[in-house]
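Hi,

Here's the structure I promised to send over.

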Amino acid sequence: MRLMLAAGAVLVGSIAAIVLLALQLKLAIAIAGALGIVAACVITRRPRQLLLFVLVALVPIDAQLVLNFREHLGGAWGVVIWVPLMLLVPLAILAVMDHVAASAPRPWRLGRWTVLVPLLPIVASLPSFMSSRDLTLSSYELLRMLAAFLIYLYFAVELRPGDLRIVVVALFAGLLAELPFALLQFATGAEIKLFGLESGTALEDLGSGQVRRVSGTLIHPNLLASYVALLFPMTLVFAVRASVPGALRALAIVASVAGLVLLLLSFSRGSWVGVVVALPVALFLAARFRHLTVLRTVVVTLALAVAAAMSLALPPVLDRLTSSDPANLEVRFYLNDIAADMWRSAPVIGVGLNTFTEIAVDFDVRHVSTVKPALPAHNIYLLWLAEIGAVGALGMAVFVGWSLFQGLRAARLRDRTGSLIAVGFVAGVIALYVGEIVSFSTKADPVMQMFFILLGIMVALLRIHGASPDRARAGAAG
């Protein structure tokens, strides 16, 4: 009976996905995909685990439906409905069914702060609505932030110990799946069209000519690089820890190699710097929480240093760092100047959530043509200050800091797999937000989704293992 109900829940969610996706995709593709998921759930008799795997693995595909579309960069461009959010429908139904059928109550409640702090980006952005010239765009972004919170909430409440291996495999598989697309783009310059979105290459001028930057299935090379930077430290620590089960470790090694190739082919300097800063942190934490011996840590560090030196020796990489088109850098600096001017015009609450590109023309005193077509500031911190002011930026900073703190707490737990995930999360967040000094990728859908999924896993780990400071300290000795 439960199996029939579970299959029915999956079918309901899949039909809803079909109806939504059919507005943008060929109906046959949507039906085939939905029926394939339903069939797999029925055959395996593990619908929740399978849906969880598909949800996580699909994040880099950036599958979504956008209603009320309008040309806009740097935030939501309409009412965005993510495919992972659609998959939450059957997952939520299954969760309610399990809760009703359970003979003993399940630990559904989270701590007060684990609910309130992830809502802080939304709450801290609300004052900016008072100064927003485009409440529609601001509302779009607010809805998208709420969707990310719902994804976080599901993982924080519903993730179980047996799900960790499934989630890790899905994370690594999704990253690995980007490699063939990226290699095809690099070799041929081909465009990739998936789920109504188009990804291609970008040609950048260097001192010795041009370089082709790839984006995989994501929209832009910088976005691909940020996504990889968030996950690459995790693949690395799983790859170098000797006690990780053989198949999972092999997948982690392959995913690490794929991540390195993707980072190089994206030619994203910000993410390169972010990863270089984050990897020593990952190795230090892995050694600190006894995932690595001192000798292995030294050996891996030296190997990474050699790999970095070899990468720098590649002419395109060196030229990208030293001989990039000066005009490219000049535009970025100018956009950041505009962001600073915006913040000075409304220092407390900003000019309005998700409205930078619409207001930039008012501050474009040099009349630079590249600013007008809607390029956001290439510094997430200045973009926060410009759009949501000091109040919103403070809220975002507290949220990011709290997220890192949860990761550090989870890294101390006895659960070796969970602790390793947490080490990778902390280093990945550092890599991401160092790179954000010259980017705004955290406002893009795939990076936002993955960040909140990983944060939900951190909170779930603490929930599963008690989340008390004493329990966390005891875990450090494991």
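Below are some notes on the cavities and on one helix pair.

This is a predicted model, where local features need pLDDT of at least 70, side-chain atom pairs count only at pLDDT 80 or more, and totals for chains, interfaces and linings use all residues. Residues are numbered from 1 along each chain as its sequence is written, and side-chain values use heavy atoms, with hydrogens and water left out.

Cavities first. There are two of 30 Å³ or more (a cavity is a set of points on a 1 Å grid over the protein atoms alone where a 1.4 Å probe fits but cannot get out; lining residues have an atom within 4 Å of a point). Volume here is the space filled by probe spheres set on the points, which are joined across faces, edges and corners.

The largest cavity comes to about 310 Å³. Of its 23 lining residues, P121, M145, M396, T442 and M448 are the closest to the centre. Helix 17 (380-411) is among the helices supplying at least two lining residues, and it gives the largest share, seven. (Helices are DSSP runs of H or I, at least four residues, numbered from the N terminus.)

The second largest cavity holds about 30 Å³. Its lining includes H72, N354 and E387, and helix 16 (356-359) and helix 17 each give two or more residues to it.

Now the helix pair: in helix 3 (residues 47-57) and helix 8 (residues 164-176), the axes (lines fitted to C-alpha atoms over the stretch in contact) are 8 Å apart, at an angle of about 35° (angles run from 0 to 180 degrees between N-to-C directions).

Cheers

Technical notes. 1 Å grid on protein atoms, 1.4 Å probe; cavity = no way out; pocket = protein on both sides within 12 Å on 5 of 7 lines; lining within 4 Å.
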